[in-house]
Amino acid sequence: SVNGSAGTGKTHLLCDIVQMRINQRYPSILIFGEWFNKRKSIWSQIIEQLNIGKTIRNKSQLFKMLDSAGKKSNVRSLICIDALNESTEGFWKKNINLLVDEVRKYPNISLVVTIRNGYENTILSNKTIRKKIIQVEHHGFPGDVIWDAITYFFKKYNITFPEVPLLHPEFSNPLFLKFFCEKNKNSQPNLKGGNALKDVFE
């Protein structure tokens with residue numbers, strides 16, 4: 001599971017990974033946790049999101065297809081589910097173990113999910129499931145690329161660079177950086193002190 005604060009880019013990370021894999025013809029699927037509800041089984045909802053109900057009728061067919069595709073491609077098929085924290089309350093707490101156990105039956109399938117910080121203890125509350133899942137923290141732009149990210153966004157939004165160094169850790173959050181640039185498009189914002197945060201939230 002990829003955990004992280006809001007706006008750090010967890011969704012974009014999954015989208016980029018899936019897109020790159022598809023470009024390489026590696027079997028990959030991306031589905032969204034917020035679209036699940038308690039009215040139907042997890043398996044039928046995955047099939048519905050993928051819009052493959054005419055050819056895949058049940059869980060067994062779905063996983064056999066993904067396992068076979070991974071084997072033929074010499075890589076594992078990748079199932080990505082974004083934002084488990086945004087689904088109907090309690091859905092993933094009940095169903096995550098079912099999904100993980102099913103994936104573990106197939107040697108050519110892997111699973112990646114994202115969870116916003118603060119929800120991981122609720123969704124992964126069972127000690128058994130915690131032992132089956134590797135959790136990593138996504139912090140946004142790492143220190144070695146943050147300046148490149150700022151440069152790209154400032155140029156894109158025609159923002160004049162300040163004369164003082166940009167020592168604002170909040171710019172490591174991609175969503176914050178985007179909001180800041182949208183608000184200050186075609187301008188020269190005052191970035192002395194803590195004005196970056198003040199500028200966005202006022």
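This is a predicted model: local features need pLDDT of at least 70, side-chain atom pairs count only at pLDDT 80 or more; totals for chains, interfaces and linings use all residues.

A: Contact here means that heavy atoms lie within 4.5 Å of each other.

Start with the length of helix H4. At 1.5 Å a residue, its 13 residues should span 18 Å, and the C-alpha atoms at its ends are 18 Å apart, so the two values agree.

Next, its buried side. A residue counts as buried when its relative accessible area is under 20%. In H4 this applies to Phe91, Trp92, Asn95, Ile96, Leu99, Val100, Glu102 and Val103. What do the buried residues of H4 pack against? They pack against helices H2, H3 (59-73), H5 (120-123) and H6 (127-132), and also against strands S3 (77-82) and S4 (109-116).

On the H2 side of the contact are Ile42, Trp43, Gln45 and Ile46. On the H4 side, Phe91, Trp92, Asn95, Leu98, Leu99 and Glu102 take part. Sorted by class, this contact holds seven nonpolar residues, two polar ones and one charged one.

Ala83 is not a glycine, yet its phi is positive, at about 60°. Ala83 counts as buried because its relative accessibility is 10%. Asn186 also has a positive phi, near 60°, and is likewise a residue other than glycine. Asn186 sits in the loop between helix H8 (174-183) and helix H9 (195-201). Its relative accessibility is 53%, so Asn186 counts as exposed.

With a relative accessibility of 52%, Lys64 counts as exposed. From Lys64 to His139 there are 75 residues in sequence and 35 Å in space, taken from C-alpha to C-alpha.

Cysteines are a separate matter. A disulfide is a covalent bond between the sulfur atoms of two cysteines. How many disulfides does a search of the whole structure find? It finds zero. The closest cysteine sulfur to that of Cys15 belongs to Cys80 and is 9.0 Å away, which is too far for a bond; the cut-off is 2.5 Å. Cys15 is partly exposed, with a relative accessible area of 31%. Cys80 counts as buried, because its relative accessibility is 0%.

Finally, the whole chain. The protein chain has nine helices and five strands. From the N terminus on, they run in the order β-α-β-α-α-β-α-β-α-α-β-α-α-α. The C-alpha trace spans about 60 × 35 × 30 Å along its principal axes. The chain has 202 residues, and 44% of them count as buried. Among contacts in the chain with a separation of 6 or more, 69% are between residues 24 or more positions apart.

Methods:
Residues are numbered from 1 along each chain as its sequence is written. Side-chain values use heavy atoms; hydrogens and water are left out. Helices (H or I, at least four residues) and strands (E, at least two) are DSSP runs, numbered from the N terminus. Ala, Val, Leu, Ile, Met, Phe, Trp, Tyr, Cys and Pro count as nonpolar, Asp, Glu, Lys and Arg as charged, and the others, Gly among them, as polar. The expected span of a helix is 1.5 Å times one less than its number of residues. Buried means under 20% relative accessible area, exposed over 50%, partly exposed in between (1.4 Å probe, protein chains only).
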